Amino acid sequence: MNVILLGPPGAGKGTQAQRLVDTHGMVQLSTGDMLRAAKASGTEMGNRVAEVMARGELVTDEIVIGLIEEKLMEGNSAGFIFDGFPRTLAQADALGALLEKTGHRLDAVIALEVDDEILVNRIVGRAEEARAAGQPVRADDNAESLKLRLTEYYKKTAPLLGYFHAKGVLQSIDAMGSIEVIATELSGMVKGAAT
Ligand code: AMP
């Protein structure tokens, strides 16, 4: 079972992906986490993308497709949750080709729907919580970068809604409620998509 979680920054993709890992044993593939790990370990690629990420722009398709390809080759039986990938039409095409090549299929694309004002509050809140707890704050969790992240989302990622709708795999979920309620609904959708 392979599922894409689609949605703007702050929609809760990472949180809900983690819940699906817990409840369904699926493997979370977050390109954002992979890029932050590359930056933290000081790899050449990590250093190269750090500034782009901090500004809130997308890194090149080539880099993220390479990261995903590596993980898909490893395979797993419970399936993948794609969190923050694909973010462009080129990435979506590449993912389709990679899934075909590795004998996987795409079971569902679930769009997490949230109003923009809530996104801003969630992200600014996430940064404040981390700061108060003495934890590291994401370099791109500030009002200025968020503006660019949202612009990038609407310009480059939102067209994927039409792309996956046309393929007949798009579903959507109201992602403004509590984490628990959304997790339960999402879990039901994932189960339904697998049958
Ligand atoms: P995220 O953790 O998903 O919010 O991603 C954080 C940042 O990593 C994004 O703002 C981009 O700079 C970069 N990034 C993550 N995933 C992708 C992707 N699929 N394509 C391009 N850039 C990405």
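**Stop one: around the ligand**

Select the shell around the ligand: its residues split into six nonpolar, four polar and six charged. (Ala, Val, Leu, Ile, Met, Phe, Trp, Tyr, Cys and Pro count as nonpolar, Asp, Glu, Lys and Arg as charged, and the others, Gly among them, as polar.) Keep in mind that this is a predicted model, where local features need pLDDT of at least 70 and side-chain atom pairs pLDDT 80 or more, while totals for chains, interfaces and linings use all residues. Numbering starts from 1 along each chain as its sequence is written, and side-chain values use heavy atoms, with hydrogens and water left out.

Now pick out Thr 31, Arg 36, Glu 57, Gly 84 and Arg 87, the closest of the 16 residues that surround the ligand (a residue counts if one of its heavy atoms lies within 4 Å). Which helix gives the most to this shell? Color helix H2, residues 31–40: it supplies four residues. (Helices are DSSP runs of H or I, at least four residues, and strands are runs of E, at least two, numbered from the N terminus.)

Next, zoom in on the ligand's nitrogen atoms.

Select Phe 85 and Pro 86, which are joined by a cis peptide bond with omega about 0°. Most peptide bonds are trans. Pro 86 belongs to the loop between strand E3 (80–83) and helix H5 (89–101).

**Stop three: a salt bridge**

Finally, show Glu 180 and Arg 19, whose side chains form a salt bridge at 3.0 Å, N to O (a side-chain nitrogen of Lys or Arg within 4 Å of a carboxyl oxygen of Asp or Glu). Because Glu 180 is in helix H9 (179–194) and Arg 19 in helix H1 (13–24), the pair ties together parts 161 residues apart in sequence.
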